[in-house]
Amino acid sequence: MNSPDTFLHPDAEHTAAPFWFWNGDMDPDVMLAQIDAMHAMGIGALVIHARVGLEVPYLSEAWFERVRLTLDACAERGMRVWLYDEDNWPSGYAGGRVLARDPAFVGWNLGLERHYLGAGEDVALELGDDDRTVAALLAPLASCEARPADPLRFQRPAGAATLDWRDPSEFEHRLADEAPKRLELGEATRRVQAPDDGRRWLLAVARRAPTTWIAAYSDQAYIDLLNPAAVEAFIEETHEAYLRRFPERFADGTVLGFFVDEPGFYNNFRTTNPATLPWTGDLASAFRERHGYDLEDELLALWYDQGGRSDRVRHDYWATVGALLEERFFGRLARWCDDHDVALTGHLHLEEWQWTMTRNSVSPFMALRRLQVPGVDKIDESTVKVSEKLASSVAHAYGRPRVISETFALAGWKLAPPQMKQIVDHQYVRGVNWLSPHAFYYSTDDWRKRECPPSEFVQNPWWHHARPVWDYVARLSAALSEGEHVAPVALYYPSEQAWVGMTPEAPGSFTGSIWQPWQLIDPDHPLQRNDAALVAITSALTDERWDFDFVDADLLAGAEAEGTETATATPGADATLHVGTERFRVVVVPPTLALEARSASALLRFLDAGGRVVLMGALPRVVAGDAPERWRRLTERAAQVRRPRWLDVGRGALGIVPEGVTPLARLLGTALRSDVEVLAARGAHGDTAWRERRDMRRGGTLATHFERPEQALHVLRRRVGAQDRYFLVNEGGEGLHVTLSLALTEDDRPRGAQTWVCDTGARHPLDTHIEDARATVELALEPWGSRLLVFGPPDGLPPATGSDTRSWAHAETIATLADWRLELDGERFDAALRPWGELGAPFVSGVGRYTTRVDLPEVPQGARVLLDLGEVRETARVAIGATQLPPIAWSPYVWDVTDALGPGPVDLTVEVANTNTNAWERVERASGLLGPVRLRLARPGAHA
């Protein structure tokens, strides 16, 4: 359990660890000043990140001199350092040094060269037995069907179509069921003739070619992550180079470890090697060793639908590639870090969708489970994703206490602390508990300010008001890194559906701009329909406060099902599925094209123990083994169900949701009692609520409507010894008033309850009624507000401290302050509180200084005076006479000023900062103190 001092003063490893972009001349004096600036803001860790604009050659002796300067300075200040392992990204090529050792270390992809032949026709081909040609296959065609014209094609070519049956763009070619003939390789050039039997034929030559993907901001090709020698070269050029120079900083803990960023295969990415598959020199032999047959004989099944044969070959291919990637790249890096007492952290590329995840890194579970700190990135403001839950699920299943996120990239210069808190809360309530802000720029000179903005650092007008942001992140990270996650639902992540349902050609290549489900490039493809459904299910579960973790086939097969000794009146009521420290009460299988046979067997075991399983959508075909006969009979029975319901299955219960996502939460509620029950809820406008998400770099918004106000409430539960910690977030743009019943850990001792305030470190007693291991609480959450509630034995809770101005009851306005003078951009304005743009300064980014005089009326004994600034864009700091009050970085902008105000008039100064978007992006974003500014009289009341 966290001690009070740890919450008040979090360890360096709990503070934000920003990417520190080394993107300039790296002057030592400037570097030290920036380290001091971070330290002064409570930031105890950083990530050294070589970035475009760097004027010191990467991995040169001058580079390592700057690294030594940083490590020594951080050691003196008690700070910690992650070493980003690449020049820009993606990780693996060591700024070109890996390929400089051996050009053969380049990444390889397998493509299919196709020749369509009529009966008896021949063609001359290069079929030399070289390292580029993998196999040549001759297969008969069952049919050639003309593709229908696309009626939605906006512009069509003039003239009639040629309708050439050999053209795959005009005809769909289906292979016959018989196995293709594999041709011998050896002759450099030879003619190959199709049999003269009246049929049409496909002559396919599988050739490997080097990747055309060039690493970011470089002229260097990417490497083969499946080649052990290439990976060893990367480690020697990078990890060993740091260890050799700084062994003392590894030994004393200053070096936390290495950050690996977006490694992957990068074929079918934008225009890079389209319609290809990852390949490496010994892939065929590794495949044969694992699966007992020759991949070269079956390559056409990876491109063409051949029924069960395609299911088997595709599944086995991706299982092999995933195993090699895990062992040879992620596993090798993690072992090196283990051997040297540091950690490996980082994240994958294209985490948002199954099809992109599969093509890039095969399986998030296989890749991330080797990392000591699994990670994710958030490079936009979309909220309809599975990324955070995937990374946190891996961490929970494999005993990793921390989940890091690279966050805020590509938000643009409009990003300010109020939006930053929204994003942090969104991620942390989904399981993240370590923040790596992207980024703190060394320099924003010239074009650098336009490279992947913003910088959340000294270049921002609001930087000097940002201490509450970093304190909030650190304390929330500390509180949510302890103990164990508690969730009732396991949501199956069917990697196998992408493995068997995808070809190198369909869905098409990732375009680089698919962040929302409606942007999917082929929404009618079954895999993309199910991909969108998986995202919708995650939203439905979280909106209805059914927290969950993902599990995959490996985790499900190894899970322990625990039920009661005798059948119960309510099937499934007492059974749990144990995965790591998680104890799930129900397993939900989303719509999926395929399900591994071992997963079907595991689900049957859980049902036998008295558990609950929910099948959604069309029932999947079983792959990678034979379906158990009981599973076949069960799915036949389930296929007759037309409306959502539970079926008794022995001691367990099988839930069926034939169509859609909406019925799922209600079905769960008919069988299980939720950890978080909403007894009453109302929004600012009654029984409906709206939320707004700033969703565009230059200030645009996306509005999402909730059917009920409580759907804006999202919850994370952690158990820390005898404590239960609930993190609650209102993800709506309206205030939310709720009465909740929260499940608590069974304990015979009395319970106390507190609210822990992460930006100030205060802890307040919480009004609650506790009975039968449940707590009833009433909360008023401001728009985008959050609360951290802690329940436990009174002797295990720290003393209550501090004053929370959000929770004073019966506050009344005693004065409205309207006589203001503003100093802005070298000018003075005497005007009512209005946006700077209305004052004629629409493109000013900076700090405005507002002044007025306050004459406080007599204050009743025991009451407190609150200064409420109303609306502020974006941050504020207040001075009353000579008394400087701490800044506030988001709403409510309210200070307790009782002790600062005395009898008689006093000067009041309000310093307000906006963002750089006005000046640097020429966006007329409302800025300044907008008010109304009021003095309010508050009497102590219940804390919420």
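How closely do the axes of helix α14 and helix α15 come, and at what angle do they cross? The legends below belong to a predicted model.

**View 1. Helix α14 and helix α15 in contact.** The axes of α14 (residues 417–428) and α15 (residues 467–480) come within 11 Å and cross at roughly 10°. Angles under 35 degrees count as roughly parallel, so α14 is described as roughly parallel to α15. On the α14 side, the contact is made by Pro417, Met420, Lys421, Val424, Asp425 and Tyr428. On the α15 side, Val469, Trp470, Tyr472, Val473, Leu476, Ser477 and Leu480 take part. Sorted by class, the contact has ten nonpolar, one polar and two charged residues.

View 2. Because its relative accessible area is 18%, Ala37 is buried. Leaving aside residues up to four places away in sequence, Ala37 touches Phe457, Val458 and Trp463. Ala37 and Val458 are 421 residues apart along the chain, yet their C-alpha atoms are separated by 7.8 Å.

**View 3. An open sheet of four strands.** The strands follow the order β30-β35-β39-β38, and their pairing is antiparallel. At the edges are β30 (676–683) and β38 (769–771), each of which pairs on one side only. From one strand to the next, the twist averages 15°. Within the sheet, β35 (residues 736–743) and β39 (residues 774–781) are joined in the antiparallel sense over eight bridges. Val738 has Leu779 of β39 as its bridge partner.

**View 4. The aromatic pair of Phe258 and Trp336.** A pair of aromatic rings is described by the distance of the centres and the angle of the planes. For Phe258 and Trp336, these values are 5.6 Å centre to centre and 80° between the planes, an edge-to-face arrangement. Phe258 lies in strand β11 (residues 255–261) and Trp336 in helix α10 (residues 308–339), so the pair ties together parts that are 78 residues apart in sequence. Both residues, Phe258 and Trp336, are buried. Ring pairs also link Phe258 and Trp336 into a cluster with Phe64, Tyr242, Phe246 and Phe250.

**View 5. The aromatic pair of Trp413 and Trp920.** The ring centres of Trp413 and Trp920 are 4.8 Å apart and the planes stand at 90°, so this pair is edge-to-face. Trp413 is in the loop between β15 (404–407) and α14, and Trp920 is in helix α22 (residues 917–920); the pair therefore ties together parts 507 residues apart in sequence. Trp413 counts as buried at 1% relative accessibility, whereas Trp920, with a relative accessible area of 32%, is partly exposed.

Key
Residues numbered from 1 in each chain as written. Predicted model: local features only at pLDDT ≥ 70, side-chain atom pairs only at ≥ 80, totals over all residues. Heavy atoms only, no water. Pairing = 2+ DSSP bridges. Helix = DSSP H or I, 4+ residues; strand = E, 2+ residues; numbered from the N terminus. Axes fitted to C-alpha atoms, helices over the stretch in contact; angles between N-to-C directions. Buried < 20%, exposed > 50% of the residue type's maximum accessible area, 1.4 Å probe, protein only. Contact = heavy atoms within 4.5 Å. Parallel < 35°, antiparallel > 145°, perpendicular 65-115°, else oblique. Nonpolar A, V, L, I, M, F, W, Y, C, P; charged D, E, K, R; others polar. Phe/Tyr/Trp six-rings, centres within 6.5 Å; stacked < 30°, edge-to-face > 60°.
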